[in-house]
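Reader: I would like to learn how to read pockets and surface features in a protein model. Could you take me through them step by step?

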Amino acid sequence: MLIHPQFNPVALSLGPLKVHWYGLMYLLAFAQFWWLGRRRILRQPAVISQGWTLGQLDDLLFYGVLGVVLGGRLGQVLFYEPGYYLTQPLEIFALWKGGMSFHGGLLGVLVAMAVYARKSGRAWIDLTDFIAPLVPLGLACGRLGNFINGELWGRVADPDLPWAMVFPHVDGLPRHPSQLYQAGLEGLALFAILWPLARKGTPRGAISGVFLIGYGVFRWVAEYFRAPDAGIFGFSHTVSMGQWLSLPMILVGLAFVVFAYRRAD
C-alpha cells in the first residue's frame, strides 16, 4: 500500500503572501489552454479557415476564467454543500481550500461563451467547438490539485491493490487514489480522443458533443472508485451526485453528435 504524501498545500510563502498548489494547478490549466489554443489557430487548417486570431484567444481565456471560477464555486455551493455554505458564507471565497464543481464550472463557461458570442458575432457552437479540445489537460491539472490537497479521495480498496493508498487525515483504510484516475480519464484519455478529431476537422457541433459524451462517461466510471458526495440528492453509493450531473451531459452530447452528422450528410 501507498501513503498519501500529505503535501503542504502552500507551495510558496512570500511574507504574508501564500501561494497554494491548488491555485498553481489552475494557473497551469489556463496556461495550457492558451498554448494549445495558439497551436490550433496557427497550425490547424479547419481553425485557420475560420479566421480565428490570437486576440480572440485572449478574450476567450478571460471569459473562460470567469466562467470556471464563478460557475465552479457556485456549483460546489449549490450542488454539493448548500447547508455548509449557508452557515459559513465567507468560506465561499476561500478558493485556495479547494471545492470547485466541474459541472458548475461547465455551466459557467457555457454562459460566458454565450456572452462572448453576442459580443464577437461568432456562433456559440463555434466557440464551444474551438475550446473543447483545449479543456481536458486543464481538467487533469485540477485533479492533480485535488490529489495534492488530499481531497475527493476514493472508496475503500482491496489492500492487496498495489496502488491502494492510505489518506492519513481521513482514516487508516486503503483507498483508491481516485483523483489520479480522474486525471487520467477526464484529462489524458479525453484529450487523446478530442485532439486528433480537432486536427482532422468534424461537422459543426460534433466535437462539442464528443466532449460532453466523453467527460460524462469517464466521470460516470470514475465515480464508482471515488467516495460519493452527499449532494442535494442525498448520499448514494449506487448513483452519486456526480453521476446524476453527468447523465444530462451524455444525453445532450449524443444529440449534438447525431444532429451534427445528419446535417453534414
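Predicted model: local features only at pLDDT ≥ 70, side-chain atom pairs only at ≥ 80, totals over all residues.

Reader: What is the volume of the largest pocket, and which residues are the closest to its centre?

Author: On a 1 Å grid over the protein atoms alone, a pocket is an open set of points where a 1.4 Å probe fits, with protein on both sides within 12 Å along at least five of seven lines, and lining residues have an atom within 4 Å of a point. A volume is the space filled by probe spheres set on the points, which are joined across faces, edges and corners. Here the largest pocket has a volume of about 940 Å³, and 45 residues line this pocket, with F102, G105, L106, V109 and V135 the closest to its centre.

Reader: Which element gives the largest share of that lining, and how is the lining divided by class?

Author: Helices are DSSP runs of H or I with at least four residues, strands are runs of E with at least two, and both are numbered from the N terminus. Helix α5 gives the largest share, 8 residues. For classes, Ala, Val, Leu, Ile, Met, Phe, Trp, Tyr, Cys and Pro count as nonpolar, Asp, Glu, Lys and Arg as charged, and the others, Gly among them, as polar. The lining of the largest pocket has 32 nonpolar, 11 polar and 2 charged residues.

Reader: How does the second largest pocket read by class?

Author: The second largest pocket has a volume of about 420 Å³, and its 24 lining residues include Q76, E81, Y85, G99 and E151, the closest to its centre. Its lining has 8 nonpolar, 7 polar and 9 charged residues.

Reader: Where is Q6 found, and why does Q6 count as partly exposed?

Author: Buried means under 20% relative accessible area, exposed means over 50%, and partly exposed lies in between, with a 1.4 Å probe and protein chains only. Q6 is in the loop between β1 (2-3) and β2 (10-14), and Q6 counts as partly exposed because its relative accessibility is 44%. Phi of Q6 is near 50 degrees, a positive value in a residue other than glycine.

Terms used:
Residues numbered from 1 in each chain as written. Heavy atoms only, no water.
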